[in-house]
Amino acid sequence: MGIWLRSPKLADSETVTWKHFANHSQSRNRAIGGRLYLTQTRLLFEPNQLDGATGGRSWHAPLGAIRAVGAQEADGSLFNGGLRRRLRLELSDGSVELFVVNKLDEVLGILDQAIRNA
């Protein structure tokens, strides 16, 4: 994608239908900058080059594995995005993924629609 952003690894049948800058809360002490990508079958996160080089991890989930999309209220955590309301994804395996995004309500609508159509 460029010097700053890493490209997602897509299957031959996938195309990106939507993308949005995001920070992924990957631990209690760290949020990783990057971008969320939506395809016909998956939601992916790719860290930016710097965060990827310093231990930030890519993440992805099939749309069918996302059980619920919602908002996580701010909890006051300083270093993982907890000062803001975050995008909350509940997965079918019981895990939860949190992302800091701008225009949270708009993102919630887009992802909710994508998951219902999957």
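What follows is a chat about salt bridges, aromatic pairs and a surface patch in this predicted model.

Me: How many salt bridges are there?
Reply: The count comes to eight salt bridges.

Me: Which residue does R42 bridge to?
Reply: R42 pairs with E14, and the closest N and O atoms are 2.8 Å apart. R42 lies in strand β3 and E14 in the segment before β1 (18-27), so the bridge ties together parts 28 residues apart in sequence.

Me: Are those two buried or exposed?
Reply: Both R42 and E14 are buried.

Me: What does the side chain of R30 meet?
Reply: R30 forms a salt bridge with D51, at 3.6 Å from N to O. R30 is in strand β2 (residues 30-38) and D51 in helix α1, so this pair ties together parts 21 residues apart in sequence.

Me: Why does D51 count as buried?
Reply: D51 has 16% relative accessibility, and buried means under 20%. R30 is partly exposed, at 26%.

Me: What else does D51 touch?
Reply: Leaving out residues up to four places away in sequence, D51 touches R30, I32, G33 and G56.

Me: And how far is D51 from D112?
Reply: They are 28 Å apart in space, C-alpha to C-alpha, and 61 residues apart in sequence.

Me: What about R86?
Reply: R86 forms a salt bridge with D75, with the closest N and O atoms 3.3 Å apart. R86 lies in strand β6 and D75 in the loop between β5 and β6, so the pair ties together parts 11 residues apart in sequence. R86 is buried at 1% relative accessibility, whereas D75 is partly exposed at 46%.

Me: Switching to rings. How many aromatic pairs?
Reply: There are two aromatic pairs. F45 and F99 form a tilted pair, 5.8 Å centre to centre with 50 degrees between the planes. F45 is in strand β3 (residues 42-47) and F99 in strand β7 (residues 96-100), 54 residues apart.

Me: Which residues make up the ring cluster?
Reply: Ring pairs link F45, W59 and F99 into a cluster.

Me: Where does R35 lie?
Reply: R35 lies over the face of F21, at 4.2 Å from the ring centre.

Me: Last topic, the surface. Which residues form the nonpolar patch?
Reply: L78, F79 and L83 form that patch, with about 370 Å² of accessible area together. L83 is in the loop between β5 (66-72) and β6 (86-91), and is exposed at 55% relative accessible area.

Definitions and conventions. Residues are numbered from 1 along each chain as its sequence is written. This is a predicted model: local features need pLDDT of at least 70, side-chain atom pairs count only at pLDDT 80 or more; totals for chains, interfaces and linings use all residues. Side-chain values use heavy atoms; hydrogens and water are left out. Patches are made of residues with over 30% relative accessible area and no salt bridge: like charges are joined within 9 Å, nonpolar side chains (Val, Leu, Ile, Met, Phe, Trp, Tyr) within 5 Å. Accessible areas come from the Shrake-Rupley method with a 1.4 Å probe; for residues, only the protein chains shown count as cover. A salt bridge is a side-chain nitrogen of Lys or Arg within 4 Å of a carboxyl oxygen of Asp or Glu. Helices (H or I, at least four residues) and strands (E, at least two) are DSSP runs, numbered from the N terminus. Buried means under 20% relative accessible area, exposed over 50%, partly exposed in between (1.4 Å probe, protein chains only). Rings of Phe, Tyr and Trp (its six-membered ring) pair if their centres lie within 6.5 Å; planes under 30 degrees apart count as stacked, over 60 as edge-to-face and the rest as tilted. A charge sits over a ring if NZ of Lys or CZ of Arg is within 6 Å of the ring centre and within 35 degrees of the ring normal. Contact means heavy atoms within 4.5 Å.
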